[in-house]
Amino acid sequence: MSWQEFPKLELHLHLEGAAPPALVRDLAKRRHIDISRAFNQAGGYAFHDFAHFLQVYEAATSVLKTPEDYAALTQAVLDTLDEQGVVYAETFISPDFCGGRDLAAWREYVAAMAEVCQHRAARGGPDLRAIVTCIRHFGPDAAKETALCAAETMGAFVRGFGMGGNETMGRQGDFAWAFDCAREAGLGLTTHAGEFGGPASVREAVEKLGVRRIGHGVRAIEDPALVDLLAEREIFLEICPGSNLRLGLYPNLRAHPVERLRAAGVKFSISTDDPPFFGTTMVQEYQALEQIFDWDAGLFGEINAMALAAAFCDGHTNANLTKRLKQADALAGDG
Ligand code: ADE
Ligand code: ZN
């Protein structure tokens with residue numbers, strides 16, 4: 001089956017990581033910035049491991065210089081979400097890349113992105129909300145400034161706070177101040193953990209940062225007691241199988257823990273992370289899960305229900321999505 005028509009929710013998507021290579025190349029040319037090394041001969045993004053991926057990601061991001069650039073990027077990402085049948089997405093954006101953590105500049109970037117989203121949603125396009133992320137390898141002091149920017153712009157568009165970047169640097173607990181600040185502002189919380197850090201990183205995220213959502217989290221599978229804890233406490237995982245395969249965590253989808261985590265009762269949904277970097281799309285992720293694990297529309301309807309329960313959007317948006325998914329027979333349970 002093609003999963004294009006099936007309405008999908010995507011809760012783990014980096015905005016710059018979803019930038020079509022052509023858009024980045026075009027901006028680089030106009031700005032006379034040489035980032036040719038970020039691309040392979042076929043015109044796709046080129047990297048050989050996680051650390052290099054982060055470098056290429058930052059090189060690509062360096063050509064996005066103004067709120068208008070981010071408005072254009074948001075349009076392009078909404079186009080792809082629409083093509084892929086994604087009706088609701090949460091995307092990671094960062095004041096580190098948008099204005100260098102200057103609050104006045106950050107407000108302009110947020111306004112530009114939010115306006116594009118409102119305009120598209122009013123015409124039946126996908127609903128897009130933002131999770132402001134600090135970048136782990138930029139350190140805890142930068143994260144504090146990022147959290148303050150997030151807190152100041154919390155509203156209809158900015159719904160959450162999170163952390164991406166290099167999980168092998170520092171510890172989750174080093175960022176507790178930033179997460180406390182965001183929590184006090186009423187933002188939903190998530191952090192990348194259990195991707196390049198092991199199960200201890202997932203446990204620390206839950207215990208030290210108090211998050212109830214984790215980006216990836218798949219390496220929790222290495223600690224059965226932790227898997228039980230995630231299931232019992234209903235800690236939700238934003239699982240991105242294609243990303244994990246492309247970055248070399250697992251040799252193939254059959255070896256990926258997503259099915260074992262599901263069977264253990266862990267709540268989760270499926271996302272693409274940085275789709276053009278990893279050569280994936282939401283439809284491809286669904287097709288692969290159907291092919292390898294026999295997942296069907298009933299199961300994807302359960303995934304939609306789990307995603308809706310974990311989404312950071314307001315109650316009104318959530319109720320509208322619930323209605324839309326029910327009408328399309330794409331929501332399992334009471335919804
Ligand atoms: N930033 C963009 N993609 C990321 C990933 N997969 N892990 C950590 N930080 C990221
Ligand atoms: Zn990610």
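Me: What share of the residues in the protein is buried?
Reply: This is a predicted model. Of its 335 residues, 58% are buried.

Me: And how many helices and strands are there?
Reply: The protein has 14 helices and eight strands. The radius of gyration is 18 Å, close to the 20 Å from the globule rule for 335 residues, so the protein is as compact as a globular protein of that length.

Me: What box do the C-alpha atoms fill?
Reply: Roughly 50 × 45 × 40 Å, along the principal axes.

Me: What about contacts between residues 24 or more positions apart?
Reply: They account for 76% of the contacts with a separation of 6 or more.

Me: Switching to surface. What does the accessible surface come to?
Reply: About 13,500 Å². Carbon and sulfur atoms hold 49% of that.

Me: Now rings. How many aromatic pairs turn up?
Reply: A search of the whole structure gives 24. One of them joins Trp 3 and Phe 6, edge-to-face, with centres 5.4 Å apart and 85° between the planes.

Me: Are Trp 3 and Phe 6 buried or exposed?
Reply: Trp 3 is buried, because its relative accessible area is 1%, under the 20% cut-off. Phe 6 is buried too, at 6%.

Me: Which residues form the aromatic cluster?
Reply: Its members include Phe 39, Tyr 45, Phe 47, Phe 138 and Phe 278.

Me: What lies over the face of Phe 39?
Reply: Arg 25, at 4.8 Å from the ring centre.

Me: And which charged end sits over the ring of Tyr 286?
Reply: That of Lys 8, 5.7 Å from the ring's centre.

Note on methods. Residues are numbered from 1 along each chain as its sequence is written. Chains are lettered from A and ligands numbered from 1 in the order in which they are written. This is a predicted model: local features need pLDDT of at least 70, side-chain atom pairs count only at pLDDT 80 or more; totals for chains, interfaces and linings use all residues. Side-chain values use heavy atoms; hydrogens and water are left out. Rings of Phe, Tyr and Trp (its six-membered ring) pair if their centres lie within 6.5 Å; planes under 30 degrees apart count as stacked, over 60 as edge-to-face and the rest as tilted. Buried means under 20% relative accessible area, exposed over 50%, partly exposed in between (1.4 Å probe, protein chains only). A charge sits over a ring if NZ of Lys or CZ of Arg is within 6 Å of the ring centre and within 35 degrees of the ring normal. Helices (H or I, at least four residues) and strands (E, at least two) are DSSP runs, numbered from the N terminus. The radius of gyration is taken over C-alpha atoms; the globule rule is 2.2 Å times the number of residues to the power 0.38. Contact means heavy atoms within 4.5 Å. Accessible areas come from the Shrake-Rupley method with a 1.4 Å probe; for residues, only the protein chains shown count as cover.
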